[in-house]
Amino acid sequence: MNDITTPDCSVLLIDDEAMAEDLIGFHLSRQDGIRLRYDNRAEQAGALCREIAATVVLVDLRMPGADGFDVIRMLRAAPDTEHVPIILLSSEDDADIKARAFALGANDYLVKWPDARELEARIRYHSAAYQARCQRDAAFLELRQREEELRASQAALHQSQKMEAIGQLTGGVAHDFNNVLQIIGGNLQLVKMIGGVNPQGLARIENALGGVERGARLAQHLLAFARRQPLQNAVVALQPVLANMEDMLRRVLGPRAVVITDIAPRLWNTEVDIGQLNNVILNLAINARDAMNGEGTLTIRARNLPAGSPLPDNHGDSGADYVLIEIADTGEGMPEEVRQRAFEPFFTTKPTGQGTGLGLSMAYGFVKQSGGEIALQSTVGHGTCVQICLRRCDGVPAAHAPAPMAPLSGGVETILVVEDEEDVRTSTVDLLAALGYQVLSSPDAEQAARLIEGGASIDLLFTDVIMPGKVSSLELSQLVQRKLPRAKVLFTSGYAEGVLAHDGKLPPGVHLLHKPYTAEVLSARIRHLLRRDAPVTAA
């Protein structure tokens, strides 16, 4: 015969006569897996049941004070004891009493004193059924929790996939948009250089060039969200950077707003594109100003976040050291449905014509591309806090002064322009020719490579990054460096799309000019590269 293992039974016996413990306990105490607790306080049934985690309650029907019926009512009324099995013991074998007991919620009814073996069997049966029910309920609860976690994970994945898809779309749009802006801007600059335009026409040209510049900033925001802008990263000491922004932010927020900086001492360094970080903080401050209607308090906090500390917005514990920057305002805050979409590009709650909806999306893309985390905490009526985590860097910041913008200047060197967009190529070639350069051009890298292999001598290669064809711009640049080691290489692109940038960062020695570029910027970059390593002429 196989032994059947049953879970332990925790039995609570309530009877006003102590003799009941002797009569029932004598047999049960000899049985494995059964624990008996006797008590005569019927009014304490609920507390006693919880105390011993009872799996079966035996209760006498007739007792002074609270009787068996009262005990059934008490246990069934409490959520944590409503399903504990109750066996009512009575000296009365009365059908009406039995019916009443079952109606109140009793699980069984035995006439005193039952056979010990029958009582044990009933106790084990009811106890096992109750424990199985508890296990089933626990399993259902865990299943519901897992389902909720799965739904949350699926929602997060859906949101991530949506953001990635939008990022790919916006990156492609920004690339084409930058090419269009370059065509417009390049031809307008050529018209200016040619001359012969009356003052009224010149003013119109300047106005149009201002529109090109605004479009370029819009495209830059799109690329920042799409994480397709090459970052000029450098080791930065954040403490002086954040402290120095206070005056600028005061001017942005206006006289009725208060700016508070709370920067922890000995703040760690980080590696970041400082220009883009400044843009992010400025955009967040502008959002805060609008949310506060020009008055309120903007707080910039920064502190070190050691490895193992919890990251914002349930991103888990950090596996590395971070620096946490928080930009908090006392504005009206956001409802949850708005907060969930706040990082989407072009999503805005502002009236038409007030804002592009790109500020937060640009911040999101920049931080993610920089290897950090960003979170948004907001409650209606209690303001908004944007939290940015940037990885710690042990490097030392390098001091450097920005080079002043050189005036429009040309030269007599030979430049090879490689660009698949014909209108962009034509305007660029004409612009360089107007500056005095000897210009060769090619619609793709494959044809340009044949020119170099055929013996063409150039001083600088000016090539688009993304072009169709078998030969990439990177392969072309490597060919030029092998064949003409003194020639310089300057890349240009609406976005680099990972061809030049690794993890969104340009490697040292790679020179990239973003589209759309002006004649002044193009001439300055070319002259700067051509002057490097140039032979010194004796006087």
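Q: How much of the protein counts as buried, out of its 539 residues?
A: Of the 539 residues, 46% count as buried, where buried means a relative accessible area under 20%, exposed means over 50%, and partly exposed lies in between, using a 1.4 Å probe and protein chains only. This is a predicted model, in which local features need pLDDT of at least 70 and side-chain atom pairs count only at pLDDT 80 or more, while totals for chains, interfaces and linings use all residues. Residues are numbered from 1 along each chain as its sequence is written, and side-chain values use heavy atoms, with hydrogens and water left out.

Q: And how many helices and strands in the secondary structure?
A: There are 14 helices and 17 strands, taken as DSSP runs numbered from the N terminus, with at least four residues (H or I) for a helix and at least two (E) for a strand.

Q: What share of the contacts join residues at least 24 apart?
A: Counting contacts between residues at least 6 apart in sequence, 72% join residues at least 24 apart, a contact being heavy atoms within 4.5 Å.

Q: Which residues have the most contacts inside the largest nonpolar core?
A: They are Leu-238, Leu-249, Leu-298, Ile-374 and Ile-388, in a core of 41 residues; such a core is a set of buried Ala, Val, Leu, Ile, Met, Phe, Trp, Tyr and Cys residues joined through side-chain atoms within 4.5 Å. Among the elements that give two or more residues to this core are helix H7 (238-253), helix H8 (274-291), strand S9 (296-305), strand S11 (373-379) and strand S12 (383-391). A second, separate core has 25 residues, including Ile-52, Val-57, Val-71 and Ala-106.

Q: What does Leu-238 touch?
A: Leaving out residues up to four places away in sequence, Leu-238 touches Leu-267, Trp-268, Thr-270, Leu-277, Val-323 and Ile-325.

Q: Back to S11: how many of its seven residues are buried?
A: Five of the seven are buried, so S11 is largely enclosed by the rest of the structure. Strand S11 runs antiparallel to S12, joined by seven bridges, and two strands pair if DSSP finds at least two bridges between them. Ser-378 stands opposite Thr-384 in S12, and the two strands form a hairpin with three residues between them, where Gly-381 in the turn has a positive phi of about 90°.

Q: Changing topic, where does Glu-419 lie?
A: Glu-419 is in the loop between strand S13 (414-418) and helix H11 (422-434).

Q: Buried or exposed, that Glu-419?
A: Glu-419 is buried, because its relative accessible area is 4%. The side chains of Glu-419 and Lys-515 are joined by a polar contact of 2.7 Å; a polar contact is a pair of N or O atoms within 3.5 Å, and within protein one must be able to donate a hydrogen and the other to accept it, with residues adjacent in sequence counting only if both atoms are side-chain atoms. Beyond its neighbours within four places in sequence, Glu-419 also has contacts that include Arg-425, Ser-442, Asp-464 and Met-467.

Q: Which strands does S13 join or pair with?
A: S13 runs parallel to strand S14 (residues 438-442), with five bridges, and pairs in the parallel sense with strand S15 (residues 460-464) over four bridges. Both faces of S13 are covered, with Thr-414, Leu-416 and Val-418 buried on one side and Ile-415 and Val-417 buried on the other. From S13 the chain crosses through H11 to S14 in a right-handed β-α-β crossover, meaning that, with the strands pointing away from the viewer, the path from the first strand over the helix to the second runs clockwise.

Q: Which peptide bond next to Lys-515 is cis?
A: The bond from Lys-515 to Pro-516 is cis, with omega near -5°, and Pro-516 lies in the loop between strand S17 (512-514) and H14. The bond from Lys-112 to Trp-113 is also cis, with omega near -20°. In general, most residues other than glycine have a negative phi, and most peptide bonds are trans.

Q: What about the phi of Ala-53?
A: Ala-53 has a positive phi of about 50° although it is not a glycine, and Ala-53 counts as exposed because its relative accessibility is 52%. Asn-293, in the loop between H8 and S9, has a positive phi of about 55°.
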